[in-house]
Amino acid sequence: MTHPPASIAGAASNPRLKLSGISKIYPTVVANDRVDLSVRPGEIRAILGENGAGKSTLMKMIYGVTRPSAGQIFWEGQDVQVTSPAHARSLGIGMVFQHFSLFETLTVVENVALALPGAQALDELAERITEVSTRYGLPVDPRRHIHALSVGERQRVEIIRCLLQDPRLLIMDEPTSVLTPQAVRKLFETLRQLSDEGCSILYISHKLDEIRELCHTATVLRAGKVTGECEPARETPQSMARLMIGKELPHCEHSQAAASGEVRLRLAGLSHAADDPFGVDLKDIHLEVHAGEIVGIAGVSGNGQQELLRAISGEEPLAERFPVQICNVEAGRLKPGQRRKLGLCFVPEERLGRGAVPGMALADNALLTASHTQGLVRGGLVDAGRARAFAERCIEAFKVKCGGAGAPAKSLSGGNLQKFIVGREILQAPRLLVCAQPTWGVDVGAAALIRQALIDLRDRGCAVLVISEELDELFEICDRITVIAKGRLSPARPTAQTTVEDIGVWMSGLWPGAETDEPLAAPTPAESLHA
Amino acid sequence: MDANLFTSMLFATVVAGTPLIIVALGLLVSERAGVLNLGAEGMMAMGAVTAFAITHHSGSPWLGVLAGMSAGMAMALLFGVLTLTLMANQVASGLALAIFGVGLAAFVGKPYEAVALQAVPPIRIPFIADIPLIGEALYNQQLLVYFSWALFWGLLWFLYRSRAGLVLRAVGESPASAHAIGYPVIRIRYLAVLFGGAMAGIGGAFLSVFYTPMWAEGMVAGRGWIALALVVFATWRPLRVMIGAYLFGGVMITQLFIQGSGLQIDFPSQFLSSLPYWATIVVLVVISRNVNTIRLNSPLSLGKPYRPDA
Amino acid sequence: MLELEARAEPSRLMPWLSPLLAVALTLVGGMLLFLALGKDPIEGFRIFFLNPVRDLYAVSELLLKATPLMLCAIGLAIGFRANVWNIGAEGQFMLGAVAATGVALYFDGSQSSLLLPAMVAAGALGGALWASIPAFLRTHFNANEILVSLMLVYVAQLFVSWLVFGPWRDPDGFNFPQTKMFDDAATMPMLLEGTRLHMGFAIAIGLLVAGHVFMNHSFTGFRMRVAGEAAAAARYAGFSASRMIWAGLLAGGAAAGIAGMGEVAGPMGQLTDKVGSGYGFAAIIVAFVGRLNAFGILLASLLMALLYIGGEQAQQYLNLPSSISMVFQGMLLFFLLGSDVFINYRLRLRRRAA
């Protein structure tokens with residue numbers, strides 16, 4: 001289903017935006033180093049680079065959120081200093097953020113009003129929102145509160161907010177990480193329509209397939225520098241990956257799963273009403289994870305992943321014992337520490353502040369979960385020497401780049417901290433490992449190492465449950481895959497017997513035999529694609 | 001209860017509730033912007049002593065109120081510099097402000113402890129003040145009582161009808177998002193904190209110039225803290241601040257009336273005097289019990305420092 | 001223009017330098033204040049800061065003043081590290097004093113050597129009991145412990161006042177609001193002959209050491225630190241939040257209660273309605289200036305005691321209200337909070353682009 005990108009409407013004209021020698025220097029890092037870039041009217045240009053390459057910083061400078069340390073920005077031939085986002089918007093630049101800049105407790109129309117200049121009559125504005133949303137196939141109800149919207153709907157609000165200002169340049173920061181494959185296709189239609197109308201688009205991503213499908217041109221960033229330009233349609237994923245990371249994409253050694261062992265995790269009809277008013281209720285979840293296999297849970301974020309993880313880890317204890325069984329013990333009412341004693345280890349989604357205490361040394365962070373399994377506490381007192389030794393073992397085994405066991409967690413890069421946390425959990429020799437977003441925001445090298453470590457752990461007979469929003473990752477490492485949507489879990493399928501397309505459809509809650517308690521039956525055509 | 005007693009109790013309740021309303025509504029604005037200023041007690045104390053001193057020297061209570069307001073704002077500015085510019089911990093800085101303000105007020109107020117002010121006559125609103133039972137109590141009051149009502153209506157309009165109020169709420173919910181779409185978060189927070197300080201100063205001025213009228217060390221007597229509790233009780237909504245403040249005023253006045261009534265009841269006066277404090281605790285418990293009410297209503301960024309990266 | 005710039009890593013030096021910087025700035029601020037009040041700043045400095053340490057007796061008075069401060073502060077620090085904001089130490093101090101007084105009055109005339117230990121235990125229990133109210137309301141009803149513990153200070157003050165005006169009033173005391181003087185057996189033994197420095201100081205030093213071991217070497221202390229720095233990490237690791245709240249408040253209450261006991265069984269020798277003299281609030285400043293660290297608290301409590309006595313001296317010799325010490329204390333904390341910005345940021349001179 002790959003559309004070769006159409007020719008650019010205004011191919012011959014002058015660049016709409018041109019960056020010349022843009023640098024951004026922070027005390028710790030050089031985020032951008034003399035970046036040159038231009039985009040013409042109607043052009044969809046990809047900004048390609050892996051996590052930490054400096055893509056987001058560059059876009060924030062164009063949008064006036066931060067200022068460049070050096071270099072010039074030309075807007076339609078004029079040398080400009082973009083002083084604020086409001087200034088950028090008045091020039092005709094719109095931006096859709098990766099982590100949305102919406103206000104949960106306000107309504108859609110209030111959120112839109114905040115980004116428009118001058119006082120707005122909210123009723124009129126609501127009409128204009130409806131108008132734009134029909135025109136571009138972005139259905140959304142202007143009167144609803146943001147916290148009641150799905151992630152996909154929130155993204156539509158962000159896009160509409162930009163479109164209402166008739167942008168001539170639209171910046172999209174990793175827009176597809178929150179969408180199902182079908183919704184991605186719908187988004188691409190909208191973007192192509194905009195491009196045909198002459199709007200320029202800067203499309204930030206690290207997903208090679210998407211870029212080849214959508215973008216006319218691409219600028220590749222590595223470690224803050226431009227390492228190449230290309231026409232994605234003429235490249236292979238391999239050739240673009242080389243530009244992006246400077247070498248071949250690493251691959252995992254993946255043998256077939258050994259014959260399934262005993263059940264280490266059983267979810268037996270787990271239902272739980274969310275305590276958090278913005279949370280998702282879990283509904284009758286069944287799942288078994290066996291020793292020696294990796295089971296993956298796919299899904300668009302905000303469909304109950306957080307709540308499910310908390311129910312398994314014990315951070316949110318349940319009212320009953322039986323729904324969560326760890327190594328044949330009914331553990332629903334046990335606390336996290338008691339579940340760890342049964343052999344559970346857990347890598348949470350947030351690294352800083354949950355998986356690790358930012359201001360504490362790695363040795364202290366080792367103590368966080370390994371105090372019991374590694375015998376780091378004696379007679380109520382901490383054995384600092386042993387805690388340090390264990391931290392050093394994690395650092396060495398997982399090649400963590402840091403200033404030693406005494407370095408505070410917040411001084412590590414995302415990839416290195418994730419390696420440390422994964423190492424801390426794996427080196428405790430768990431019987432069951434639950435891992436959320438194992439490679440989220442991690443560089444390619446660290447991601448490969450972590451994935452390989454998970455596979456090796458499985459081969460040693462551990463049961464592994466992975467929750468991820470990256471379908472590619474799940475297909476790479478999992479033996480079986482299941483999908484979570486609106487707090488329900490689909491049946492698990494062997495990875496070899498399913499496809500990304502199927503799982504994509506399931507991600508909107510439409511798997512065979514799916515029960516629904518919401519009127520999913522009669523959605524609008526667009527709704528069914530986006531939900 | 002005879003009619004006169006009712007009228008005078010209602011009158012006293014309104015008077016007792018007024019400083020709480022003014023201070024709590026000011027704090028509500030700064031908390032809506034995401035800034036938790038625990039220094040209300042100190043700002044009120046400084047407002048009270050400054051207003052008293054200026055009134056004493058100038059003879060004009062209105063100059064006094066203005067001075068009290070400025071003193072409250074000066075204290076709030078100090079807090080703002082610490083927490084907004086220097087990013088100090090809001091809780092620690094608020095506590096520091098409370099301790100410092102009370103101490104400084106005691107220090108500068110020493111010479112005024114034996115001074116008396118002339119009572120300021122109330123302002124009688126023609127015709128409606130003649131309504132039986134409530135007229136005398138509600139419409140023959142100090143100007144600042146009417147001011148507290150105007151403040152309430154103004155704030156309702158500001159928060160829910162004006163664009164500036166929308167921006168304020170947005171900043172309080174997510175300063176990072178507000179910054180990303182281009183609002184000057186720190187400047188808005190400064191304004192909100194200064195407004196809180198101004199109101200705390202006026203509230204203090206009301207105590208020393210109109211309510212008692214005198215100055216004594218410790219005369220604020222925890223009202224700053226009670227106002228902070230009221231904002232939580234009100235789940236950050238102005239109407240509930242009004243209701244809460246008058247409820248508190250009622251508790252304070254009732255125990256005073258019982259003590260002063262000469263009724264020979266076998267109950268120590270100290271226990272009666274502690275009623276408003278117990279009431280604060282009970283109210284906090286009742287409203288905080290439901291975690292979701294607080295989560296849904298409290299400004300999401302409350303108490304968290306924010307600094308935009310340049 | 002001057003700009004704050006984030007440091008790549010937090011400074012290792014500044015956490016120790018910034019209290020010194022704060023003290024220096026407080027001194028400068030104090031001199032300016034004396035100038036503004038029309039006093040000779042050098043003379044003011046001498047009276048305020050040097051008089052309190054001019055001889056051994058003066059030093060013993062300084063240590064006496066520092067005793068309740070370090071007791072209250074070490075207890076508070078344990079809670080503050082876990083983000084448990086007990087600011088009602090003043091009330092817990094009073095309740096400790098009340099409980100100890102109760103024991104002393106009940107066993108009036110007893111010569112038992114167990115009487116004093118019983119009073120210490122009662123003081124700790126009284127303070128802890130008062131602190132258990134905010135702990136219970138926080139863990140069961142999520143009620144903010146800052147406001148509850150603070151309200152209970154006012155209640156405690158009224159309670160003490162009721163006792164000394166009512167049931168516990170000394171019948172031979174000419175109607176003064178105070179109890180009768182304690183017997184010798186119910187009074188703290190002196191540490192130094194000819195001074196008022198009593199056993200309470202030794203207890204305080206002992207508790208500082210115990211507090212240090214608890215905060216820095218025990219696993220519970222570690223868990224409380226995690227809870228304070230990253231609540232989500234504590235939940236993830238399975239550290240019970242309510243246990244941290246209880247531990248923080250009870251430790252603070254017990255320590256403050258012992259401090260209260262030390263006052264009534266020490267320099268006061270009886271319970272009066274003036275028993276709460278602001279030590280509980282000053283201890284908040286001590287805990288912060290001492291960086292929530294036992295050794296730091298020792299130094300900070302001495303500094304704060306100096307400010308207290310300096311204030312009394314200023315009243316006596318400079319004819320200034322003694323509340324000037326509160327002004328100094330507040331300044332000290334403000335300067336400390338301000339100086340702390342340099343732990344994570346540095347000042348940089350930057351020319352603004354045109």
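**Terms and values in chain A**

Visitor: Why is A:D166 called exposed?
Guide: A residue is buried if 20 or more other C-beta atoms, placed from the backbone, lie within 10 Å of its own, exposed if 12 or fewer, and partly exposed in between. A:D166 has 11 other C-beta atoms within 10 Å, so it counts as exposed. A:D166 is found in the loop between α5 (151–163) and β7 (169–173) of chain A, and it has a positive phi of about 45° although it is not a glycine.

Visitor: What am I looking at, and how are the parts numbered?
Guide: This is a predicted model, in which local features need pLDDT of at least 70 and side-chain atom pairs count only at pLDDT 80 or more, while totals for chains, interfaces and linings use all residues. Residues are numbered from 1 along each chain as its sequence is written, whereas chains are lettered from A and ligands numbered from 1 in the order in which they are written.

Visitor: What makes A:E76 partly exposed?
Guide: A:E76 has 16 C-beta neighbours inside 10 Å, and therefore it counts as partly exposed. A:E76 is found in the loop between β4 (70–75) and β5 (78–80) of chain A, and its phi is positive, about 50°, although A:E76 is not a glycine.

Visitor: How many helices and strands does chain A have?
Guide: Chain A comes to 17 helices and 23 strands, where helices (H or I, at least four residues) and strands (E, at least two) are DSSP runs, numbered from the N terminus.

Visitor: Which strands make up the open sheet that contains β1 of chain A?
Guide: The order is β2-β1-β4-β5 in chain A, with antiparallel pairing; two strands pair if DSSP finds at least two bridges between them. The edge strands are β2 (30–39) and β5 of chain A, each of which pairs on one side only.

Visitor: How do you know that β1 pairs with β4 in chain A?
Guide: Strand β1 (residues 17–25) of chain A is joined to β4(A) by 5 bridges, and the rule asks for at least two, so the two strands count as a pair. As an example, the bridge partner of A:L17 in β4(A) is A:W75. Helix α1 (residues 55–62) of chain A packs on this sheet, touching β1, β2 and β4 of chain A; a contact means that the C-beta atoms of two residues, placed from the backbone, lie within 7 Å.

Visitor: Why are β12 and β15 of chain A said to stand at the edges of their sheet?
Guide: Their open sheet has 4 strands in the order β12-β11-β14-β15 (chain A), paired antiparallel. Both β12 (282–290) and β15 (329–330) of chain A have a single partner strand, so one side of each is left without a neighbour in the sheet.

Visitor: How do you know that the size of chain A agrees with a compact globule?
Guide: The radius of gyration is taken over C-alpha atoms, and the globule rule is 2.2 Å times the number of residues to the power 0.38. For 531 residues the rule gives a value near 24 Å, and chain A has 24 Å, so the two agree.

Visitor: What is the average pLDDT of chain A?
Guide: The average is 87, and 93% of the residues score at least 70, where pLDDT is the predictor's confidence in each residue, from 0 to 100. Over residues 518–531 of chain A, however, the pLDDT is below 50. Where pLDDT is low, the predicted coordinates should not be read in detail.

Methods:
Axes fitted to C-alpha atoms, helices over the stretch in contact; angles between N-to-C directions.
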